[in-house]
Amino acid sequence: MNLKNTIAALSALALAVCSVSCEKKEEVAASLPEMTEKGVSELISPAEDSEEYSLGEYYFSPNGTKLYCEDETISTDILLALENYFLSFQNNDFESYKASMYTSYAERYDKYLREVYSKNEGVDSDYSLKNSFELRYNNLRDILIDTLTYESTEDKEFSGDYTITRIRAEHTIYEEGVTEESFVKSFFESYDEIFDTDYYKEVSADVDKLMPITFFVMAKAEDGNEHKIVSEANIILAEKDGKYYTFG
């Protein structure tokens, strides 16, 4: 096949993939209730005789993810921020991952990885924020592969592909003697050292609020079933100008 034909074939393939992807998105959108001005559906209460009743009330995101809040003090904006963060891993989208992060953190951590981590670990080329993203991307897939391999009665290999289906956010519960402020400060201690600055003080002065959240994530895997890929993990979100950003 000559170069001209190869380019034409690749272009046709790209258009076909885009067409299938667009069709799937349209199918999802058509099956969802109308979105409100908050960017989610109205609150949905499962029927008492349904399998989902015990999970509680939820919102649909435009992507079809079911979003669960512990109470009304956890906004749907927080859940959408968490969804965007995990969709970046689902879709292997580094730029979306970086956009979900607090800007100075992404910049400082990338610099640290390139200048310090690469040298200390003896990496042949620069180890950057993108490599850190790839590690997290692969870890989530490996979790599913291990689960599916363990549960499967067939001798087969799994890819680890998945689709995020549910995200739940709760207020973090602290151990005795720990306050929200001390919990947040302890989170930033390691960054104070590697960034060589009082990073907690710097971030606190720049954002409107720092909020610890405990969350859970479920996804539909290639076996057609839902599996928990994150269970009771803690994250710190920075709220600034009505938007939420992650660290790491």
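Residues are numbered from 1 along each chain as its sequence is written, and side-chain values use heavy atoms, leaving out hydrogens and water. Because the model is predicted, local features need pLDDT of at least 70 and side-chain atom pairs count only at pLDDT 80 or more, while totals for chains, interfaces and linings use all residues.

Two packed helices are described by the angle between their axes and the distance between the axes. Helices (H or I, at least four residues) and strands (E, at least two) are DSSP runs, numbered from the N terminus. Axes are lines fitted to C-alpha atoms, for helices over the stretch in contact, with angles from 0 to 180 degrees between N-to-C directions. The axes of H2 (residues 76–90) and H5 (residues 129–151) come within 9 Å and cross at roughly 85°. These helices are therefore roughly perpendicular (65 to 115 degrees; under 35 is roughly parallel, over 145 roughly antiparallel and the rest oblique). In contact terms (heavy atoms within 4.5 Å), Tyr85, Phe86, Ser88 and Phe89 of H2 meet Phe133, Arg136, Tyr137 and Leu140 of H5.

For H6 (residues 180–194) and H7 (residues 199–206), the axes come within 8 Å and cross at roughly 120°, which makes H6 oblique to H7. Glu181, Val184, Lys185, Phe188, Tyr191 and Asp192 of H6 make this contact with Tyr199, Tyr200 and Val203 of H7.

What about the interior? The largest nonpolar core has 58 residues, and those with the most contacts inside it are Phe188, Leu210, Ile213 and Phe247. Such a core is a set of buried Ala, Val, Leu, Ile, Met, Phe, Trp, Tyr and Cys residues joined through side-chain atoms within 4.5 Å. H2 gives the most to this core, with 9 residues. Phe247, in the segment after strand E6 (243–245), is buried, with a relative accessible area of 6% (buried means under 20%, exposed over 50%, partly exposed in between, with a 1.4 Å probe and protein chains only). Leaving aside residues up to four places away in sequence, Phe247 touches Phe188 and Leu210, among others. Phe247 and Ala106 are 141 residues apart in sequence, yet 7.8 Å apart in space, C-alpha to C-alpha.

Back in H5, Arg141 also counts as buried, at 13% relative accessibility. Beyond neighbours within four places in sequence, Arg141 is in contact with Ser159, Gly160, Asp161 and Tyr162.
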